[in-house]
Amino acid sequence: MLDETMIQMLLEGIWDTCYMTLVSTFFGYLIGLPLGIALTLTDEKGIAPNRTVYRILDVIINITRSIPFLILLILVMPLTKAIVGKTYGSTATIVPLTLAAAPFIGRMVESSLKEVPTGVIEAALSMGAKTGTIVWKVLIGEARTSLLVGATIVLGTVLGYSAMAGVIGGGGLGDIAIRYGYYRYDTGVMLVTLVFIVAIVQLLQGLGNLAARKIDHRRQS
């Protein structure tokens with residue numbers, strides 16, 4: 001089963017999976033982080049409450065998060081083709097992965113920022129801190145540990161989505177599992193790809209938790 005050709009294919013699958021996961025998570029945060037900040041600021045208990053803006057963003061996130069990823073893959077194919085030039089392969093899969101990750105990240109960021117004690121925010125406001133300062137130095141600064149833990153959860157979720165993209169030739173380990181494990185009834189290949197996927201998730205989770213412990217000021221003496 002694991003001849004030289006298959007080993008090379010698995011190595012390429014691991015690379016493609018990590019590439020899709022990390023790049024789409026990065027772009028997801030470019031969209032989701034500002035989205036989460038906006039939700040936190042415009043909430044009724046935020047420092048710039050705006051019910052209309054909050055409800056619009058809240059509805060957008062709820063709708064996009066409700067769409068199953070496989071359906072989203074198909075729905076955004078025209079957009080993927082317009083951006084990448086094709087609808088298959090690891091690079092093309094980054095587009096739907098980013099769109100699926102962004103609202104999830106936005107909600108994770110909102111949850112983390114709302115964990116910051118109101119007393120800390122009120123103290124910053126009393127000293128005349130501007131909104132930008134409060135966001136970056138107070139909200140994100142105080143919630144950095146929670147944000148990092150959330151990022152590890154996002155990475156695991158996005159990696160799982162990337163495996164599902166194998167159904168339409170999305171590349172990576174999921175594509176190998178579908179084409180060689182499922183369609184060719186090769187249980188061995190299916191199990192090997194599963195082991196690699198679980199190993200990558202565990203590695204990312206371990207690194208994220210380690211980094212979170214390192215920056216958690218509450219654990220420092």
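Which helix supplies the largest share of the lining of the largest cavity? The answer is H5, with three residues. The model here is a predicted one, where local features need pLDDT of at least 70, side-chain atom pairs count only at pLDDT 80 or more, and totals for chains, interfaces and linings use all residues. Residues are numbered from 1 along each chain as its sequence is written, and side-chain values use heavy atoms, with hydrogens and water left out.

The largest cavity has a volume of about 50 Å³. Its lining is made up of Leu73, Met77, Thr80, Thr87, Ala92, Thr93, Pro96, Ala165, Ile168 and Gly170. Besides H5, helix H4 also brings at least two residues to this lining. (Lining residues have an atom within 4 Å of a cavity point, on a 1 Å grid over the protein atoms alone, where a 1.4 Å probe fits but cannot get out.)

Thr80, one of the lining residues, sits in H4 (residues 77-84). Thr80 counts as buried because its relative accessibility is 3%, buried being under 20% and exposed over 50% relative accessible area with a 1.4 Å probe, protein chains only. Beyond its neighbours within four places in sequence, Thr80 touches Gly85, Lys86, Thr87, Ala92, Val95 and Pro96 (contact is heavy atoms within 4.5 Å).

Over in H2 (residues 51-66), the buried set is Tyr54, Leu57, Asp58 and Ile61. They share one side of H2, because they cover an arc of only 100 degrees around the axis. These buried residues pack against H1 (4-42) and H5 (90-113), while Thr52 and Ser66 are exposed on the face turned away.

Methods
Helices (H or I, at least four residues) and strands (E, at least two) are DSSP runs, numbered from the N terminus. The expected span of a helix is 1.5 Å times one less than its number of residues. The arc is that of the directions from the helix axis to the C-beta atoms. On a 1 Å grid over the protein atoms alone, a cavity is a set of points where a 1.4 Å probe fits but cannot get out, and a pocket is an open set with protein on both sides within 12 Å along at least five of seven lines; lining residues have an atom within 4 Å of a point. Grid points are joined across faces, edges and corners, and a volume is the space filled by probe spheres set on the points.
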